[in-house]
Amino acid sequence: MRSVVVAGAGMIPFERRDDDSLVDMLASAGLNAMDDAGIGDHPVDSVYVGNMASGLFNHQVSVASALVDRLSLMPAAADRVENGPASGGSAIKNGFLAVASGYHDVVLVVGGEKMRAVIGPKATDIVAAMTHPEAEYIYGLTLPAMAGMFTRLYMEKYGVTREHLSMVAIKNQENGLLNPYAHIQMQITMEGILTHPQAHVNSPVVAEPLHLYDCCPVSDGAAAVLLTTEELAAKWKKPPVKIVGVGQATDTHTLHERSDPTDLKAVRIASEKAFSMAGVKPKDIDVAELHDAFTILEIAESEHAGFFKIGEGAKALEEGVTRIGGKLPINPSGGLKARGHPVGATGVAQVVELVWQLRGEAGERQVKKAKKGFSLNFGGFGNNVLAFVLRSDV
Amino acid sequence: MKTITAYKCKNCGLVMYPHHYRCLNCNGREFKEMSPSSGGKLVTYTVIDQLPWGIDERGRVLGVVQFDNGVKALGLIQSENPRIGMKLKADWGPVRVIGGEKIMGLIFHPTR
């Protein structure tokens, strides 16, 4: 396989974007990545769009074809990749394989979702369409509800508390204040979301034991990377960041069929595959972007990805290991919690943040001397997971 | 009482719900259809205040139940004080209205 370099990375701010269509957002993010790489008029061979549900949110399909037209990239190949909340990660994997195999030299990968086009309960229903139709969806199961059931078991088994969950939220909101692309630019406090007798007014129950500030916001947004070969990347002169590890794994569709529902098997296996391919270990990683759609997931994923022993993620959080300035900063971007989670965009936005961190371009949230990064994109409720290892020192 | 259909692998005996074309354990393709037993215990649950479009209520309790004969399934829990391990009896009734049609599913009540 050939080495694959991320030559360009770009995003648009995640927020409620009433004035932009989904394709406008994809085009803006795509152009930002192309301009960041400085490819000028060099042709793009292929475009992969990570998007979960444009047909349901926006009544538009074939968005990859629409995007190449909007960017005048014809006759580039164009495909939309759908893998639930891991659509962005899957799009990057497809782009990676296209370059690594030698099939294409220049691939644009764009992830995006325009979720605020519908009202909140509709968005909840559209996202819930990824649950099992007869065994889950009919009961009104939502993704926060799956996370709620998971959290209750995790709390009972490992002693994770609501205070730990709130610590994740506070840390990531603080990081988000340093990220101009983050949707929720707001400082929150333990008193305001947990300990004050009226804290439930600010942070009401979504799906017990998860409250509002345990859940990511519903956002519009897009992010993009331009992938290419070492030779072309050298011409375009951007500091080279390589994708050196890609892992993916799946698990049962329903949560109840897992023999131990607290064991995020697909996270474990996808991470192991990415680390093995990269030839690095979790302890070598300088910065990680994890899929904190719910606060519990940052803790559980940090353990299952191999950074901490199972059951010890909350302790690492308490000790400040995962803060910017700690031994392993997790979600310096603010994560899904603060940056937002336009589902198809997330897997790409995580890699964009790693590229900025590994190039030393992350501004106030820069993790010092970051050379090796890891990202984890969690699809469904952990039934389809992608992991990536990126390096700037090879 | 109408209920869900679960599947027992004829090769290794694993009990599955919902249906799979190959056994989750041994890849076997032959299954014996079975019904869950009349009751079981609560494995985990959540109380949902933010429900999807079309379910106009708050405080819906959903939980995973392990039936006494090994079947596991999600269902509606009719209890104001759910707790892990509590014993439940299964019933069958309307759980959601979709397109004007009542959709039937598992509803669990605490055992007295």
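**Figure 1. Charge and overall build of chain A in the predicted model.** Chain A carries 36 positive and 45 negative side chains, and the centres of these two sets lie 5 Å apart; Lys and Arg count as positive and Asp and Glu as negative, while His and the chain ends are not counted. The place of a charge is taken as NZ of Lys, CZ of Arg, CG of Asp or CD of Glu. This is a predicted model, in which local features need pLDDT of at least 70 and side-chain atom pairs count only at pLDDT 80 or more, whereas totals for chains, interfaces and linings use all residues. Residues are numbered from 1 along each chain as its sequence is written, chains are lettered from A and ligands numbered from 1 in the order in which they are written, and side-chain values use heavy atoms, with hydrogens and water left out.

Chain A contains 15 helices and 11 strands, where helices (H or I, at least four residues) and strands (E, at least two) are DSSP runs numbered from the N terminus. With a radius of gyration of 19 Å, close to the 21 Å that the globule rule gives for 394 residues, chain A is as compact as a globular protein of that length; the radius is taken over C-alpha atoms, and the rule is 2.2 Å times the number of residues to the power 0.38. The C-alpha trace of chain A spans about 60 × 45 × 40 Å along its principal axes. Of its 394 residues, 65% count as buried, a term that stands for under 20% relative accessible area, with exposed meaning over 50% and partly exposed in between (1.4 Å probe, protein chains only). Among the contacts in chain A with a separation of 6 or more, 77% come from residues 24 or more positions apart, contact meaning heavy atoms within 4.5 Å. The accessible surface of chain A comes to about 13,600 Å², and 51% of it belongs to carbon and sulfur atoms; such areas come from the Shrake-Rupley method with a 1.4 Å probe, and for residues only the protein chains shown count as cover.

**Figure 2. Strand S4 of chain A and its two partner strands.** Strand S4(A), residues 106-114, is mostly covered, nine of its nine residues being buried. Both of its faces are covered, with Val106(A), Leu108(A), Val110(A), Gly112(A) and Lys114(A) on one side and Val107(A), Val109(A), Gly111(A) and Glu113(A) on the other. Strand S2(A), residues 46-50, pairs with S4(A) in the parallel sense over five bridges, where two strands pair if DSSP finds at least two bridges between them. Strand S7(A), residues 220-228, pairs with S4(A) in the antiparallel sense over nine bridges. Leu108(A) takes part in both pairings, being the bridge partner of Val47(A) and standing opposite Leu226(A) in S7(A).

Figure 3. Strand S8(A), residues 241-250, is mostly covered, and eight of its 10 residues are buried. Strand S1(A), residues 4-11, pairs with S8(A) in the antiparallel sense over three bridges, and here the bridge partner of Val5(A) is Lys242(A). Strand S11(A), residues 384-391, is also paired with S8(A) in the antiparallel sense, over eight bridges, with Val246(A) and Phe388(A) as bridge partners.

Figure 4. Chain B has zero helices and eight strands, and its C-alpha atoms fill a box of roughly 45 × 35 × 25 Å, taken along the principal axes. Of the 112 residues of chain B, 46% count as buried, and residues 24 or more positions apart account for 42% of the contacts with a separation of 6 or more. The accessible surface of chain B comes to about 6,300 Å², of which 44% belongs to carbon and sulfur atoms. Chain B has 16 positive and 9 negative side chains, the centres of the two sets lying 8 Å apart.

An open sheet of three strands in chain B has the order S2-S1-S3, with antiparallel pairing. Strand S2 (15-16) and strand S3 (31-34) of chain B stand at the edges, each with a single partner strand, so one side of each is left without a neighbour in the sheet. Two bridges join strand S1(B), residues 6-9, to S2(B), and Lys8(B) stands opposite Val15(B) in S2(B).

**Figure 5. The surroundings of Ile84(B).** Ile84(B) lies in the loop between strand S6 (72-77) and strand S7 (87-98) of chain B, and is partly exposed, with a relative accessible area of 28%. Leaving aside neighbours within four places in sequence, Ile84(B) is in contact with Arg152(A), Leu153(A) and Glu156(A), and with Leu42(B), Val43(B), Thr44(B) and Tyr45(B). The C-alpha atoms of Ile84(B) and Leu42(B) are separated by 5.3 Å, although these residues are 42 residues apart along the chain.
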